[in-house]
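Welcome! Have the sequence and the 3D view at hand as you read.

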Amino acid sequence: MRKVMLFTLLCSACQRQEQIPFQEANLALIANPGFDGTRLGPKQIALTFDDGPDESTFWIAWYLETQGIHATFFQNGKRYCRQLDVDNQCVLGPETRGCDNGAAQVYVADPIYYPESLMDTIQNLGHHVANHSQDHCNLFYENNDDNLSWEVQTTQNILDRHIKDGFFAFRAPYGSWNNRDSDVIHQNQALNKLVGPVVWNIDGGDFACWANGLSVNQCVALYMKSYQAAGKHGVVLMHDRPEWNVTSLQPFYFVVAFVKALQADGVEFVDLTGAVCPIRDDACVNRCGNIKDLCGRSVHCDACPTYDQVACPTAIETCKGKCGTVISACNIPVDCGRCPNYEQLACPTAIETCAGKCGTVLNTCNIPIDCGRCPTYTQISSHLGLGF
Ligand SMILES: [Zn+2]
């Protein structure tokens, strides 16, 4: 009993427990290496198009919709006009910064700048529009943090005026992405909703097909080979803007032929969200209640604990070394049981026992206490000024 009481006297107040963040909104998942099609089931295929828009974009979106297929178009902000006149002519081109490493896509003498309403059209046909950066720089070499953030933010600003499905996907140009890129983007609160980078596991190099003069069927053969090598499921990379053949409709003709080949093999076309969004159980890890998952879908997780359940210490923790009514770290009075009487508490501390004493002293509970070395006779006489 006495030992318990000694502990009572020594015990200090319990620390407030750290509160668990149990609910967050769409959280960023800009991570390296990113999402490919490995979450998809057998023969499930998600189609994606990069670098647009261009002349094929609308036709691809329209054709796919006739087939009940919904794709994702990763777009570069610099393809879009900032200001149209009354005749829909572009009178103010896009913002652009160029790339830190001086690289650029193939030069186009008289580029077309598309109206932002094209994004609405693409979505109305059942597809997603998504972020492929403003200038299509290789972000691995975008050494200036501000430029890197600007490349993603500027295009997202355009997209945000139009995205209505809550799916904010991002794909890095060339698929080039590293942990430092992730860190920089994470520091930009406005980009926390992005999901990605979205990568791919099926690619037949369509831009090279057209640059090298291959036929549509030859290019389809390259893609079917990649599709088989990937185990017949995954995310397909294509380009609605052919970099070396801008405005060519080859991408559209190619998509029609490729889709027919995939349909003949019994493919199930799925939305990209199936490849990048967590299944329900993943979405609810460390979260609770009604939440939005990474793709903006509503998910019902288990009920959230109350604040008290999460953040307040238990009665046992609050009462450790204490008695009577104790106010917990959450300002809740907790009954910690009857306090001991005076006799039970009567053993003095070492400081109390040693007041004015030295050497080994028995306290009033008959416990020997070491009160430190006693001064020598000389020290005492010196202190008292006796001159010995
Ligand atoms: Zn690209």
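What covers the buried residues of α3? The cover includes α2 (57–66), β3 (72–75) and β6 (128–131). Bear in mind that this is a predicted model. The protein has 15 helices and 15 strands, and buried residues make up 31% of its 388 residues. Among contacts with a separation of 6 or more, 71% are between residues 24 or more positions apart.

- Helix α3 spans residues 117–124, and its buried residues are Leu118, Met119 and Ile122.
- Seen down the axis of α3, these buried residues fall within an arc of 105°, so they line one face of the helix.
- The face turned away from the buried side of α3 carries Ser117 and Asn124, which are exposed.

- Helix α5 covers residues 179–186, with Asp181, Val184 and Ile185 buried.
- Looking down the axis of α5, you would find its buried residues within an arc of 95°, so they line one face of the helix.
- Asn179 and Asp183 are exposed on the other side of α5.

**Cysteine 90**

- Look for cysteine 90 in strand β5, which is made of residues 90–92.
- Is cysteine 90 buried or partly exposed? Cysteine 90 counts as partly exposed because it has 17 C-beta neighbours inside 10 Å, while a residue needs 20 or more to be buried.
- Leaving out residues up to four places away in sequence, cysteine 90 touches Cys81, Leu84 and Tyr113.
- Tyrosine 80 is 10 residues from cysteine 90 along the chain, and their C-alpha atoms are separated by 9.2 Å.

**The largest nonpolar core**

- The largest nonpolar core holds 63 residues, and those touching the most other members are Ala46, Ala169, Val198, Val235 and Val236.
- Helix α8 (residues 250–264) gives this core its largest share, six residues.
- Which residues are in contact with valine 198, leaving aside its neighbours within four places in sequence? They are Gly34, Phe35, Thr48, Ala169, Phe170, Arg171, Val235, Leu272 and Val276.

**How α7 packs with α8**

- Helix α7 (residues 216–229) packs with α8 at an angle of about 50°, and their axes are 9 Å apart.
- That angle makes α7 oblique to α8.
- On the α7 side, the contact is made by Val216, Asn217, Cys219, Val220, Tyr223 and Met224.
- On the α8 side, the contact is made by Gln250, Tyr253, Phe254, Ala257, Phe258 and Ala261.
- α7 and α8 form a right-handed crossing.

**How α2 meets α8**

- The crossing of α2 with α8 is right-handed.
- Trp59, Ile60 and Tyr63 from α2 meet Pro251, Phe252, Val255 and Val256 from α8.

Conventions:
Residues numbered from 1 in each chain as written. Predicted model: local features only at pLDDT ≥ 70, side-chain atom pairs only at ≥ 80, totals over all residues. Buried ≥ 20, exposed ≤ 12 C-beta atoms within 10 Å, placed from the backbone. Helix = DSSP H or I, 4+ residues; strand = E, 2+ residues; numbered from the N terminus. Arc of directions from axis to C-beta. Contact = placed C-beta atoms within 7 Å. Core = buried A, V, L, I, M, F, W, Y, C linked by C-beta atoms within 7 Å. Axes fitted to C-alpha atoms, helices over the stretch in contact; angles between N-to-C directions. Parallel < 35°, antiparallel > 145°, perpendicular 65-115°, else oblique. Left-handed = near helix turned anticlockwise from the far one by under 90°.
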